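Hi everyone, thanks for making time for this. Please have a look at the sequence and the model on the screen, and then I'll walk you through a few places in it.

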Amino acid sequence: MQARQLKGLEIATHRDITRDGNIWLVPSENDSTLYRTDIFLQTCTCPDFEKHKLKCKHLYAVEFLLQRESGMPLPVPPDRRERETFKQAWHEYNLAQINEKSKFQELLYALCQNVEELPRKGVAGRNRLPLGEMIFCVVFKTYSLFSGRRFISDLQEAQRRGYISRTPHFNSIFNYLELPVMTELLKSLIAESSLPLKSVETEFAVDSSGFSTGQFVRWFDVKYGNTEDWHDWIKLHLMCGVRTHIVTSVEISERYSHDSLYFKPLVNATAASGFNIQAVSADKAYSSRPNLRLVEKHGGKPYIAFKDNARGDSKCKVWNRLFHYYSLHRDEYMKEYHKRSNSESTFSMIKAKFSERIRSKTATAQVNEALCKVLAHNICTLVQSMYELGIEPDF
């Protein structure tokens, strides 16, 4: 049964429907509003019918009422599908959480060992802090959520453990976030941190989400006629595995950038890292012929939602084939498509653990801070996989 039929059956079963000549007065589900429904002309005064000109739930309700009055049995609504549950490996989860902070530092230290030093511009002045150690400090601070001053005690402990040669001043941590060269380095470390799960992840999801900053944007509210200030934000685009939620590639853009533009670099970067792409799911924002062809080019099956006006008679054979498969095997297609919700879970994990706010003030630092959040998420995912999947990361 369709959704409108189910709602009409609910109204016919539990609400009072009255007749006024050839017109039936059908109550709304939510309030005391009565809609005038003409079963002969198949019209109704409800907003749903006026907007779509399709048979609404009130027309179905009258039909079910007449069916019941004639002595015919009403259809039985289908049982609700039981919610799928997943067993939590509590022993492994507890061990991962207990040891996460120490394992986080171990893995982050190993990742930063191969970072090359920046060339020194002059002879005079103090020696520059090692770039690998500063990346360790910046990402570790993002993981801790402490302020720069309060975080120094953690760095002193990291120095005693041998992860850094000396404890930097807290201002130095923020200065290194301002370096443009950090952006590509952090992206490469994110890709490298995902490699230990290359044998586990074969299905992927693509999506984007906003991270608010400390700046404000001013806009005029047409509805209320006043000017308001809202937090500005940047957009983070990522591709993640649907099993462990590891991020395999990432891009950063301005708040109004179109999502579809970043599908190609995300998929290409994941394929370049050596992942075996068997399936990629994404929402309607990524629905385009080039994106479908791109996934198939890398040997995967695209499960991207089609827009309402999509048709299966284009010049693109890949598009036509997938659209007809989507039309004829809707349930099977949507079951694979809904794996894209794992990308939303990934964003939820990042924001819940490392905050959805970007504290940095400049554009470069904001991008680098967002990338630090993703890298910290990847390392935490690796720690979880070490205990639950037996993965041994080796960088």
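Two housekeeping points before the tour. This is a predicted model, where local features need pLDDT of at least 70 and side-chain atom pairs count only at pLDDT 80 or more, while totals for chains, interfaces and linings use all residues. Residues are numbered from 1 along each chain as its sequence is written, and side-chain values use heavy atoms, with hydrogens and water left out.

Let's begin with charge pairs. How many salt bridges does a search of the whole structure find? The search gives 18, where a salt bridge is a side-chain nitrogen of Lys or Arg within 4 Å of a carboxyl oxygen of Asp or Glu. I've picked out a few for you.

One of them joins the side chains of Glu-29 and Lys-57, at 2.9 Å from N to O. Glu-29 sits in the loop between β2 (23-27) and β3 (34-38), and Lys-57 belongs to helix α3 (residues 57-69), so this pair ties together parts that are 28 residues apart in sequence. A word on those labels: helices (H or I, at least four residues) and strands (E, at least two) are DSSP runs, numbered from the N terminus. Glu-29 is partly exposed, with a relative accessible area of 30%, whereas Lys-57 counts as buried at 18%. Here buried means under 20% relative accessible area, exposed means over 50%, and partly exposed is in between, using a 1.4 Å probe and protein chains only.

Next, please find Lys-101 and Asp-154, which form a salt bridge with their closest N and O atoms 3.7 Å apart. Lys-101 is in helix α4 (residues 90-112) and Asp-154 in helix α6 (residues 148-160), so the pair ties together parts that are 53 residues apart in sequence. Lys-101 is partly exposed at 39% relative accessibility, and Asp-154 is buried at 14%.

Now the cysteines. The structure holds zero disulfides, a disulfide being a pair of cysteine sulfur atoms within 2.5 Å. Cys-112 is in no disulfide either, and its nearest cysteine sulfur, that of Cys-137, is 8.9 Å away. Cys-56 is buried at 0% relative accessibility, and Cys-112 is buried at 6%.

On to the threonine. Thr-248 is found in strand β7 and is buried, with a relative accessible area of 1%. Thr-248 touches residues including Ala-191, Phe-204, Met-239 and Phe-275, not counting residues up to four places away in sequence; contact means heavy atoms within 4.5 Å. Thr-248 and Ile-190 are 58 residues apart in sequence, yet 6.9 Å apart in space, C-alpha to C-alpha.

On a 1 Å grid over the protein atoms alone, a cavity is a set of points where a 1.4 Å probe fits but cannot get out, a pocket is an open set with protein on both sides within 12 Å along at least five of seven lines, and lining residues have an atom within 4 Å of a point.

The structure holds one cavity of 30 Å³ or more. The largest cavity has a volume of about 40 Å³, volume being the space filled by probe spheres set on the points, which are joined across faces, edges and corners. Among its lining residues are Phe-204, Tyr-303 and Lys-339. Which element gives the most to that lining? That is β8, with three residues.

The second largest pocket has about 330 Å³ of space. Of the 21 residues lining this pocket, the closest to its centre are Lys-141, Phe-174, Arg-359, Ser-360 and Glu-369.
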